[in-house]
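I opened this entry to look up how the chains pack. My notes follow the structure.

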Amino acid sequence: MSTEAVAHGEGDDHAHDAAHGAGHHGPKWLAHHYDTPIQQFDAAKLGMWVFLAQELLFFSGLFVAYGVYRNWFPEMFKAAAHQLNKEMGATNTVVLLFSSLTAALAVRSAQVGNKKLTGRLILTTIACAFGFLIIKFFEYKHKFEGGLLPGRFFHPHVEHLVQGAPPLPANTGSFFSIYFMMTGVHGVHVLVGIGVLIWVWIRNNRGDFSKEYFTPVDIVALYWHLVDLVWIYLFPLLYLI
Amino acid sequence: MSTASHDHDHADDGAVHAHISSVPFYVAVFLGLLFLTGMTVGQSYVDLGKMNIVLVIVIATLKASLVVTFFMHLKWDNKFNALIFISTIFFIGIFFAYTMNDTEHRGDHDPDQNVKVWAKTGEEAPGGMVKAESHEATPAAGHGQENQPTGAPAAPAPAQHH
């Protein structure tokens, strides 16, 4: 038994410590101010969750506005909801849920080091995001044609409204203020989501990720799940009441 | 607790050992989400009166729980992240409760402020206390807030909420 063999054996046992531990010669994705990959990973996740908490609090302002106006004008909300297209809303819900699945699977395939599949799953998620926005575009187009606009811009055209729906009270504009604000801000989040998904797709193609390091995929997927989370509440509250 | 806590074999080697769920498991969660979506859409065709909104929120919360617990890995994640999430929900609850408690009772008789006005118009409600003077007397009250009840001059001006 040579000393080399012993050293080699020890090297195997402590490969992680040597490579990721002391820091000075760690992998290139390990920032110098972290001792270990798990420390960097936990810090990144913690930061993301604090950001997501902020996002939820930010959206909650819109949900409170919805709650207040809905309680003040329940009949108006009910009448206005009839003008929203349930089928399109439900389709978009399925599209977003599916994209959440592909995002979760992308993280999984990054965790097991399947770069090719990760790329495909991220692309599928991006495609769903575009699909969502396209459906949303046609919904908005219909609202504009019908004059179903926020606040004082509300001037319904009877010929464009849903047949057999209850008549719209004069203050229905406030429903559409809330509708456009909530879905609009959510839509902006979808756009940002597309941006960060493209960024993580490029990095995946570049070979930045491995079984040991997949944090950006995980973080971006968390953001995308939040977009899905907000829509899970938006859809029934706006379309199904 | 670290992310690696479930994996005791490697808990101290400094590497990331995140939980990896199986593909069928993720697909099952997705199917559960689809089922709940179907439920909430189906429910919308049945008018349950006041129970509508309750059921809508219960189903949406079930869906959100599935996404947060499994897709967002909170079940296996560092428990501190779960604490952040749960406290966020708690503070959103406070936000809702206090705001709605205000906006839902603006037309009610308020003996401390000696007023009773309609929340929607700011006009005196039938049977209410006399609302002495007008908005001009207290210009600070009700700027841009059509729903802001105006306090009687004898009483201190109601606190502005913004």
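**Contacts and cores**

I began with contacts, meaning pairs whose C-beta atoms, placed from the backbone, lie within 7 Å. In chain A, 72% of the contacts with a separation of 6 or more join residues 24 or more positions apart. This is a predicted model, in which local features need pLDDT of at least 70, side-chain atom pairs count only at pLDDT 80 or more, and totals for chains, interfaces and linings use all residues. Residues are numbered from 1 along each chain as its sequence is written, and chains are lettered from A and ligands numbered from 1 in the order in which they are written.

Next I looked up the secondary structure. Chain A has 8 helices and 0 strands (DSSP runs, H or I of at least four residues for helices, E of at least two for strands, numbered from the N terminus).

Then I turned to the partner chain. I found 45 residues of chain A in contact with 44 residues of chain B. On the chain A side, α2 (15-21), α3 (37-72), α5 (86-111) and α8 (215-239) each give two or more residues. The largest share, 17 residues, comes from α3(A).

Last, I checked the nonpolar cores: buried Ala, Val, Leu, Ile, Met, Phe, Trp, Tyr and Cys joined through C-beta atoms within 7 Å. Buried means 20 or more other C-beta atoms within 10 Å of the residue's own. The largest core has 70 residues. α8(A) gives the most to this core, 17 residues. A:Leu197 is among those with the most contacts inside it. Leaving out residues up to four places away in sequence, A:Leu197 touches A:Ile122, A:Thr125, A:Ile126, A:Ala129, A:Val220 and A:Trp224.

How values were computed:
Two residues are in contact if their C-beta atoms, placed from the backbone, lie within 7 Å. A residue is buried if 20 or more other C-beta atoms lie within 10 Å of its own, exposed if 12 or fewer, and partly exposed in between; C-beta atoms are placed from the backbone.
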